[in-house]
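Please keep the sequence and the model side by side while reading.

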Amino acid sequence: GLSSSSPHNSWKKKMDTSSIIAATAAGVIFLVAWVVSSLYLFSYDKRDNGTTDSESKSHVYKWTFHIESLNFYGMLSFIVVLAAGALVTEKSGIDTIEDPTETIIFELFGINHSCNWIDHNPVRMLAAILFLPLVQVPFMLYVLFWHCRVAKSAKTGKVPHWLLNVSRVLSPYNFITMSQLHLWFVNNPNDTYGFTAHYIPYLMFQISICVIQLLNILYLTYTGNIPFGVPPALAWSYFVLFVGITVVYSIFVISTLAGSPIIDATNSEGEKLFTSILSSSWGALALVGTLIISGKQRLDGDKITLTIGDGMLEVESSSADEEEALTKKEAEEGIEQPLEPAQVD
């Protein structure tokens, strides 16, 4: 028979507490997602709006929602995943989770960042599983539908055409960044590529959140819909502060990686406190700008309807004001066209 030291039995040694938790949780997540998805399809198909169209004989699915809900729930899921990771990392005592004072991040910066909550298995694997469907996909869809909304608003005259051109440049960056955010987990700071490869996707994410805030404030300023009646000057002051903190944060990290940190938390308690405040401030402002603004916007009734069916993909605005503005502008453009002068022989 095979001895306990045989390579064929080596897998048994690897099934430690962390591996068991990760494998079990991953299996449970998969089964729950599968069952919920199947039940949803059965339930949807029993409703009137899920029946076969009598004329086209094509089965269609329709969802009506506010695009800011995607931004809101994407960020909310981000927070939930981090919070779950924090709970396991700080309280579980699993052997695969490093001492917080012995991590690569602590060695580099003198403090631990929130990503330490998801850098170690089993949380690392579970976070990677959850991030794609709960965080990345909502953010990617949000970027896509936001561009569709601003394109229509530019056509109706609600926003200037140059804002559409700005979105044509910046929205692809946001979409690509969100699609690659999972590399944050793939490139663990302890692995071959080190902390730099771990940090770059997160840096791109930070920049993307700033860009999303910029586009949103521009859109809301021109449409006159800044939530809670906040004056445009105050909204722009918030944005300038947010960008300033992002820039300082990025310079701090990059200079540390280059070996010449502008702030070194290991030097004094004052620099350590400043570093902690810098990190916390970015997170707080990102949450305020996303959850509060998007949370309020999603209640304004400016929804869209996404229709998917046999050879069919359609996005429609369900806002009566938007449709009325488009019809009015098209009518005005038709009236303003000069008539050709009559030819007289």
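A search of the whole structure finds 23 aromatic pairs, where rings of Phe, Tyr and Trp (its six-membered ring) count as a pair if their centres lie within 6.5 Å, and where planes under 30 degrees apart are called stacked, over 60 edge-to-face and the rest tilted. The model is predicted, so that local features need pLDDT of at least 70 and side-chain atom pairs count only at pLDDT 80 or more, while totals for chains, interfaces and linings use all residues. Residues are numbered from 1 along each chain as its sequence is written, and side-chain values use heavy atoms, with hydrogens and water left out.

A pair of aromatic rings is described by the distance of the centres and the angle of the planes. The rings of Tyr-44 and Trp-63 have centres 6.1 Å apart and planes at 40°, and the pair is therefore tilted. Because Tyr-44 lies in helix H2 (residues 17-46) and Trp-63 in strand S1 (residues 60-65), this pair ties together parts that are 19 residues apart in sequence; helices (H or I, at least four residues) and strands (E, at least two) are DSSP runs numbered from the N terminus. Tyr-44 is buried, at a relative accessible area of 1%, whereas Trp-63 is partly exposed at 30%, given that buried means under 20% relative accessible area, exposed over 50% and partly exposed in between (1.4 Å probe, protein chains only). Trp-63 also pairs with Tyr-61, and because the planes of these two rings stand at 10°, with the centres 6.1 Å apart, that pair is stacked. Elsewhere, one aromatic cluster is formed by Phe-78, Phe-131, Phe-139, Trp-184, Tyr-202, Phe-205, Tyr-238, Phe-242 and Trp-282.

Charged groups come next. Side chains of opposite charge can pair when their charged atoms come close. A search of the whole structure finds one salt bridge, defined as a side-chain nitrogen of Lys or Arg within 4 Å of a carboxyl oxygen of Asp or Glu. The partners are Glu-68 and Arg-149, whose closest N and O atoms are 3.2 Å apart. This pair links distant parts of the chain, with Glu-68 in helix H3 (residues 67-91) and Arg-149 in helix H5, 81 residues apart, and both Glu-68 and Arg-149 are buried.

Thr-177, in helix H6, is buried at 2% relative accessibility, and a polar atom of its side chain lies 2.9 Å from the backbone oxygen of Tyr-173. Thr-246, in helix H9, is buried at 5%, and a polar atom of its side chain lies 2.8 Å from the backbone oxygen of Phe-242, a residue that also belongs to the aromatic cluster.

In the loop between helix H8 (194-223) and helix H9 (232-257), Phe-228 has a positive phi, near 65°, in a residue other than glycine, and Phe-228 is exposed at 57% relative accessibility.

Helix H5 (123-156) and helix H6 (161-179) each supply at least two of its residues, and the largest share, four residues, comes from H5, while Ile-176 has its place in H6.

Taken as a whole, the chain has 11 helices and three strands, which follow one another along the sequence as α-α-β-α-α-α-α-α-α-α-α-β-β-α. Of the 345 residues, 39% count as buried.

Key. Polar contact = N/O pair within 3.5 Å; in protein donor to acceptor, adjacent residues only side chain to side chain.
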